[in-house]
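These are my notebook entries on a structure that I went through step by step.

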Amino acid sequence: MYYKSTGYRTFTVFNYLVLLLAGTLCVLPIIHILAVSFSASAPANAHLVGLWPVDFNVESYTKTMNNPNFLRAFLIAIERTALGTFITMSVITLAGYALSKDSSALRSRSVYAWFFVFTMLFNGGVIPTYILIRNLHMMDTIWALVLPGAVQVFNMILLMNFFKATPKELEEAALIDGAGHFTILFKVYLPLALPAIATLSLFSIVGNWNAWFDGLLYINDYRNYPLATFLQTIIVTQDFSKLNPDVNELKNISQRTVKAAQIFIGILPVLLVYPYLQRFFVKGIVLGAVKE
Amino acid sequence: MQTTTKALRAPGIQSGQARMKGFLRRTWPLHLMLLPAVILQLIFGYLPLGGLVIAFKDFKPYDGIWGSAWVGLEHFRFMFEYPDSKQVIINTALIAGLKIMFNIAVPFIFALLLNEVRRSSVKRTVQTLVYLPYFISWVFLGGILTDMLASDGIVNSLLNSWFGIEPILFLGEGNWFRFTVVLSDVWQQFGFGTIVYLAALAGVNPSLYEAAEVDGATRWQQTIHVTIPSLIPIVIVVGTLAMGNILNADFDQIFNLYNPLVYEKGDIIDTFVYRTGILNGQYSFGTAVGIFKSVVGFVLIVIGYRIAYKLADYKIF
């Protein structure tokens, strides 16, 4: 067998090293930021912190947690994530179920399908959408953040395929017992599709949590920014023109450890969800991406 | 006659059949289920398409879309004559082109290496680590990278103490900015990009390897003659479909890393549209640039799709 030869064994050692190095390289920046956030501010500002905290303390986190602007943005991000995920999942589950019926049950099925696929291929782009949101008087409301991207057509198609793969006998049995479409969806299909729905919900949670540009576009008052937009403005762009020049805010941000703590708290929800996410997503994405 | 036939049927079957027919005919619950998605898409998917007409008008917010005057292709002409926008198109194609190349090559090699790992615990650990950056927003990655790549940041201080290199302005000098942007994009995406190749590798017929083994092929020869040829179709598909992204250099990344110092070499179409179109209020011009980008992308996607279909027999539908 080839894997017993000396040459291949040497390769294997080399290969493991390269792979583990590449893997480590992918998380090092996050470990670095975590180490900085738990360090005392003097060594951090002098750039003495590598991958391990120097003079361990949690001052940056207590400061962050006592910062009302940060807390407000954090709560808005949670609200946005919860509302956005709920709306998206409800809308695509209902539509995905209806589209999973073949055209004998829903004669206009292909019209609906093309109606949705078309929006995947063509869209108006940033400026026409921005003008629309303004004309709808949705500026500075949470609806501007959760509604425009609510219909995730790709995920809807994934759910549709999942429903299609559910045995028809189950539906027929429920039919004979006198169930309608809504009963069949909620009592028969949903319990079976729970793993798929959970996975897509996790994707939606991560997407909503990470979204920042819509906040920048549609929210004028920084006090209504979700966390990602808030951090984008004060940490990345360091644009204080929208914020009232709050002395405390400026003092906080000049501290490297506090910046690091805020970034880490911003990443944390994604890190918490990630173990569950990565268990499923390989399967789900391959399903959509590669067609045999 | 009618009554007798009816009476002959078993009552259970009759009502079952009738119910089945009624169910098939009663489609209103299905339409009702589609209604929320349809309304949302009509408003947020289709209405903005109508707003695209402002690219051919001189849009003034107080005149409204219909009240503004037509100017024809004036904004498009301006785009091609204005030196800034020409430079922006070049920057975009260059950065996006490099990203496309490396985002095909690096995951391809990485998948080949990962495929040689026989210990599943190692394989899973590496996969878990390399997929992670893909899920983190560029806001946070941008915050981390600007900190690490600063002239007194950890990367420069390590380069200095190990190799004695003078501080490099990774995000402050045009050419270094392009380098950093491409490298950090590959860093974020390569893990996720391996998934599609790993899936294709799982589909390679094991009997091909067995036959090669019987013929005395080494693992290297097996890789050259079995593994790589079986991945070629998927590489063609990924590569040709990626052509549609040639003017898509990733707004999220550039916007969170760039600064006025590197506008000359690092400004891309999407950031340019945001700054001129929305911040400076030149809605019509911004929309025209956006349309140009979409049209080029769409034409390339169609061409790419046809090539993929010819070379690899790939069909989306």
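Entry 1: I began with residues 283–305 of chain B, which are 100% helix and 0% strand, with end C-alpha atoms 32 Å apart. I note that the model is a predicted one. The span comes from UniProt, where an unreviewed entry gives "transmembrane region" for residues 30–56, 88–114, 126–145, 186–205, 226–247 and 283–305 of chain B. I then looked up residues 88–114 of chain B, and found 100% helix, 0% strand and 38 Å between the end C-alpha atoms.

**Entry 2: two helices of chain B.** I next examined how helix H7 (residues 120–131) of chain B packs on helix H10 (residues 174–202) of chain B. The angle is about 130° and the axes are 7 Å apart. H7(B) is therefore oblique to H10(B). From H7(B), the contact uses Gln127(B), Val130(B) and Tyr131(B). From H10(B), it uses Phe190(B), Gly191(B), Phe192(B), Thr194(B), Ile195(B) and Leu198(B).

Entry 3: For chain A, an unreviewed UniProt entry lists "transmembrane region" at residues 70–99, 111–133, 145–163, 184–206 and 260–277. I checked two of these spans. Residues 70–99 of chain A are 100% helix and 0% strand, with 42 Å between the end C-alpha atoms. Residues 184–206 of chain A are 100% helix and 0% strand, with the end C-alpha atoms 30 Å apart.

**Entry 4: a covered helix of chain A.** How many residues of helix H12 (residues 227–236) of chain A are buried? I found that 10 of its 10 residues are buried, and the helix is mostly covered. Among the buried residues of H12(A) are Leu227(A), Phe230(A), Gln232(A) and Val236(A). Just after H12(A), I noted that Gln238(A) has a positive phi of about 50°.

**Entry 5: where the chains meet.** Finally, I turned to the contact between the chains, to which chain B gives 85 residues and chain A gives 100 residues. Together they bury about 8300 Å², of which 77% is on carbon and sulfur atoms. In chain B, the residues that lose the most area to chain A are Met33(B), Phe135(B) and Phe140(B), together 10% of what that side buries.

Notes:
Residues numbered from 1 in each chain as written. Chains lettered and ligands numbered in written order. Predicted model: local features only at pLDDT ≥ 70, side-chain atom pairs only at ≥ 80, totals over all residues. Heavy atoms only, no water. Axes fitted to C-alpha atoms, helices over the stretch in contact; angles between N-to-C directions. Helix = DSSP H or I, 4+ residues; strand = E, 2+ residues; numbered from the N terminus. Parallel < 35°, antiparallel > 145°, perpendicular 65-115°, else oblique. Contact = heavy atoms within 4.5 Å. Buried < 20%, exposed > 50% of the residue type's maximum accessible area, 1.4 Å probe, protein only. Buried area = accessible area lost by both parts, 1.4 Å probe. UniProt positions renumbered as here; feature names shortened; annotations may be inferred.
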